[in-house]
Amino acid sequence: MSADKAKNISAIPIDGFSKVRITSTWTFLQSIQWSEPWLIGLISFHILCFACTILTCRYYRLQIFQFLLMVAMVYGAEYVNEVAAMNWRSFSKFQYFDSKGMFISLVYSAPLLLNTIIIVAVWVRRTFVTMTELKTLQLKRKAARESAKKTQ
């Protein structure tokens with residue numbers, strides 16, 4: 001049994017930078033060297049996307065475009081991962097792009113999906129507000145019709 005346990009422990013990847021075993025998502029994120037210029041650019045891109053999401057809350061058509069663009073970028077993440085895995089030496093110090101796509105999913109796709117969830121939440125809220133206003137207007141018209149019938 002201890003041989004199986006030793007085999008399982010040796011299967012856990014070790015971070016090349018900090019020499020720590022990667023056992024969870026948190027340790028995986030801690031093992032990333034966030035000071036690399038391309039990662040700083042990626043973080044800046046996600047901050048810009050989040051700012052656009054917040055700023056376009058009142059512009060429905062612009063948010064539709066932004067939503068579709070972000071979903072398309074998430075859809076293309078697999079291809080981005082493949083290209084980045086082949087060319088990582090030209091822009092990075094470490095090979096982050098694994099065949100299962102964990103890095104690209106956590107660092108690229110997850111923030112984009114968070115933005116799309118925010119957009120959907122804004123749409124649901126807007127739908128509820130519109131439905132409430134519509135129902136209120138219907139009730140007011142019904143009350144006005146009933147009061148007009150009583151006065152006749």
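Biologist: Is histidine 46 buried or exposed?

Modeller: Histidine 46 counts as buried, because its relative accessibility is 11%. Buried means under 20% relative accessible area, exposed means over 50%, and partly exposed is in between (1.4 Å probe, protein chains only). Keep in mind that this is a predicted model: local features need pLDDT of at least 70, side-chain atom pairs count only at pLDDT 80 or more, and totals for chains, interfaces and linings use all residues. Residues are numbered from 1 along each chain as its sequence is written, and side-chain values use heavy atoms, with hydrogens and water left out.

Biologist: Where is histidine 46, and what is it in contact with?

Modeller: Histidine 46 sits in helix 3. Leaving aside neighbours within four places in sequence, its contacts are Val107, Tyr108, Pro111, Leu112 and Asn115. Contact means heavy atoms within 4.5 Å.

Biologist: How many helices and strands does the chain have?

Modeller: Six helices and zero strands. The pattern along the sequence is α-α-α-α-α-α. Helices (H or I, at least four residues) and strands (E, at least two) are DSSP runs, numbered from the N terminus.

Biologist: What about the nonpolar core? Which residues have the most contacts inside the largest one?

Modeller: Ile32, Leu39, Tyr96, Phe97, Phe103, Val107 and Tyr108, in a core of 19 residues. Helix 3, helix 4, helix 5 (77-87) and helix 6 (102-151) each supply at least two residues of this core. Helix 6 gives the most, with seven residues. A nonpolar core is a set of buried Ala, Val, Leu, Ile, Met, Phe, Trp, Tyr and Cys residues joined through side-chain atoms within 4.5 Å.

Biologist: Take phenylalanine 103. What is it in contact with?

Modeller: Leaving aside neighbours within four places in sequence, phenylalanine 103 is in contact with Phe28, Ile32, Trp38, Leu39, Tyr96, Phe97, Asp98 and Tyr108.

Biologist: Now the outside. Which residues form a nonpolar patch on the surface?

Modeller: Tyr59, Leu62, Phe65 and Leu69, with about 440 Å² of accessible area together. Like charges are joined within 9 Å, nonpolar side chains (Val, Leu, Ile, Met, Phe, Trp, Tyr) within 5 Å. Areas come from the Shrake-Rupley method with a 1.4 Å probe; for residues, only the protein chains shown count as cover.

Biologist: Why does tyrosine 59 count as exposed?

Modeller: Because its relative accessibility is 53%. Tyrosine 59 lies in the loop between helix 3 (37-55) and helix 4 (60-75).

Biologist: Where does UniProt place the "transmembrane region" feature?

Modeller: At residues 38-57, 64-81 and 101-124, in an unreviewed entry. UniProt positions are in the numbering used here, feature names are shortened, and annotations may be inferred rather than shown by experiment.

Biologist: How much helix is there over residues 38-57 in the model?

Modeller: Residues 38-57 are 90% helix and 0% strand, with the end C-alpha atoms 29 Å apart. Residues 101-124 are 96% helix and 0% strand, and there the end C-alpha atoms are 31 Å apart.

Biologist: And leucine 114? Where does it lie?

Modeller: In helix 6. Leucine 114 is partly exposed, because its relative accessible area is 48%. Its C-alpha atom is 8.9 Å from that of phenylalanine 50, 64 residues apart along the chain.

Definitions and conventions: Patches are made of residues with over 30% relative accessible area and no salt bridge: like charges are joined within 9 Å, nonpolar side chains (Val, Leu, Ile, Met, Phe, Trp, Tyr) within 5 Å. A salt bridge is a side-chain nitrogen of Lys or Arg within 4 Å of a carboxyl oxygen of Asp or Glu.
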